Amino acid sequence: MFLSVKGLAKAFGELEVLKHIDLTIKKGNIVTIIGPSGSGKTTLLRCLNALEIPNKGVFSFEDGFTVDFEQKVSKNKIAELRRKSGMVFQAYHLFPHKTALENVTEGPIIVQKRTKQEVIPFAESLLQKVGLEDKMDLYPHQLSGGQQQRVGIARALAIQPELMLFDEPTSALDPELVGEVLKVIKDLAKEGWTMAIVTHELKFAEQVSDIVLFMENGYVVEQGPPEQVLKNPKEERTRQFIQRIINP
Amino acid sequence: MEHWRKSLRNGLGKMFPNNLLLTITGDMGGWELFKNSLWPMMLGGIKYTIPLTFISFIIGLTIALLVALMRLSNQKILTIPARIYVSAIRGTPLLVQLYIVFFGLGDIGLTIDPFPSAVIAFSLNVGAYASEIIRASILSVPKGQWEAAQTIGMSYSQALRRIILPQATRVSIPPLSNTFISLVKDTSLASLILVTELFRKAQEIAARTYDFMLLYVEAALLYWTICFLLSIVQDRIENRLDRHVSR
Ligand SMILES: Nc1ncnc2c1ncn2[C@@H]1O[C@H](COP(=O)(O)OP(=O)(O)OP(=O)(O)O)[C@@H](O)[C@H]1O
Ligand SMILES: [Mg+2]
């Protein structure tokens, strides 16, 4: 088991967004997270990456690294947690003043203090992996949405995380650009990356997931293999949600 | 260096005899007076107005960045002093600030020369106004940029230096240029604490010749020229920064 999360809770003031989440991610597995708007999917991913600090919950990784949010969590632990995962945002959040290549090299060179000579070929290979070998020197505003999101993926991969987190990576894209981004994620799946992906693309979820997790109101309502959760859900609420997406 | 200075002095000395100010008299014709006053005023500009502006602006920007970061922090120990400083400077006339530093401190035994007094007062003044500009420009950078920097492992100061400030700079250049150009003009107030800058020179000559209109218009033209040149530089910088970031 790569990561186990127990009793994760997060509130913003009075609003309890995550009430009690238990979750396990196995090494090399792909967990997709579905659920209605406002159910806490983004908040869950952000907690995994310590962009939000949970109020409660214990994260334990297979290498023995453990964070218990009921105690005060040190800066070092937060940094370690961030080192373990790479985040891909819905709105890309590329650095607009840096080229595609510089976006990718920034983490390895500035944070990990690796040498330029070593990082540039590595970053180039990542951009090649996402199909952007001919766009490396362009700035974000010179790229299409799909291309920007692929740079975002390469930037996250560059810090060599153990877990990749995707928050609706295609929902800001024009329909004809969705495919190119999903293809990159599928390639990563084939390479054996461990990933957690929030998505509304049920067909994609069915193709790549090992586990599908349905969230509502800050709880995990149902989780299991895609054949179960997407095709034959046990819970009535899961069934209703899927019906609504298929026949809006 | 010394050699270069000497030959410059000799060259200029021929063009503008050293005792020029004394040779300017009320009997001169308008054009002659204008011409003969030009160099003393420009010299005041080169020796005092321009250095005073640049030094104060650079120190002021440093203060401003610090104060902006203090105000953006979430610790009262930092935000409160920063707010008081900005409010006090913005709520009092620059001339009064200048007098407090020069005459006021002198009165309580802390005598500072005119030029450094002016530098202190102008730096503190710029620090307050520019801190508001810098704070707003940092806030104008989308939150997602901080988050993206954090997710690749950057610390606060790395994110600030590498990701946020370069983007904030673009936003802050036009208002900071205005602050700079205002500062050029405000340095004329230093004439009141005996800094022999451009405007003080005009006053000195006017006191001898009584040609107030001619000399003050001449001073105005000189300020205008400096500010005009600066606005050209500003346009260049903006164009440069615009090349890559289109929003
Ligand atoms: N920083 C915040 N401060 C206050 N409330 C927040 C904050 N972030 C999220 N929320 C609230 O938490 C709830 C869950 O938000 P979240 O973004 O996790 O939902 P989601 O499942 O990702 O929804 P969507 O499908 O629309 O992206 C929402 O009601 C939202 O308004
Ligand atoms: Mg969301």
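Reader: What area is buried between chain A and chain B?
Author: In this predicted model, about 1,900 Å² is buried between chain A and chain B, and carbon and sulfur atoms give 61% of that area.

Reader: Which residues of chain A lose the most area to chain B?
Author: Those are Phe95(A), His97(A) and His141(A), which together make up 26% of what the chain A side buries.

Reader: And how many residues does each chain bring to the contact?
Author: Chain A contributes 22 residues and chain B contributes 20 residues.

Reader: How many salt bridges are there between chain A and chain B?
Author: There are 2 salt bridges between the chains. In one of them, the side chains of Arg46(A) and Glu147(B) meet at 2.7 Å, N to O. The count of residue pairs in polar contact between the two chains is 5.

Reader: Which elements give two or more residues to the side of chain A that touches chain B?
Author: They are strand E6 (85-88) and helix H3 (100-111) of chain A. The largest share, 4 residues, comes from H3(A). By type, that side of chain A divides into 10 nonpolar, 6 polar and 6 charged residues.

Reader: Turning to the largest nonpolar core, which residues touch the most other members?
Author: Leu3(A) and Phe59(A) do, within a core of 84 residues. Helix H8 (residues 156-186) of chain B supplies the largest share of this core, 11 residues.

Reader: What does Phe59(A) touch?
Author: Leaving aside residues up to four places away in sequence, its contacts include Leu3(A), Val5(A), Leu8(A), Phe65(A) and Leu81(A).

Reader: How many residues are in the other core?
Author: That core, which lies apart from the largest one, has 36 residues, among them Tyr92(A), Leu101(A), Val104(A) and Met195(A).

How values were computed. Residues are numbered from 1 along each chain as its sequence is written. Chains are lettered from A and ligands numbered from 1 in the order in which they are written. This is a predicted model: local features need pLDDT of at least 70, side-chain atom pairs count only at pLDDT 80 or more; totals for chains, interfaces and linings use all residues. Side-chain values use heavy atoms; hydrogens and water are left out. A nonpolar core is a set of buried Ala, Val, Leu, Ile, Met, Phe, Trp, Tyr and Cys residues joined through side-chain atoms within 4.5 Å. Buried means under 20% relative accessible area, exposed over 50%, partly exposed in between (1.4 Å probe, protein chains only). Contact means heavy atoms within 4.5 Å. Buried area is the accessible area (1.4 Å probe) that two parts lose on being put together, summed over both. A salt bridge is a side-chain nitrogen of Lys or Arg within 4 Å of a carboxyl oxygen of Asp or Glu. A polar contact is a pair of N or O atoms within 3.5 Å; within protein, one must be able to donate a hydrogen and the other to accept it, and residues adjacent in sequence count only if both atoms are side-chain atoms. Ala, Val, Leu, Ile, Met, Phe, Trp, Tyr, Cys and Pro count as nonpolar, Asp, Glu, Lys and Arg as charged, and the others, Gly among them, as polar.
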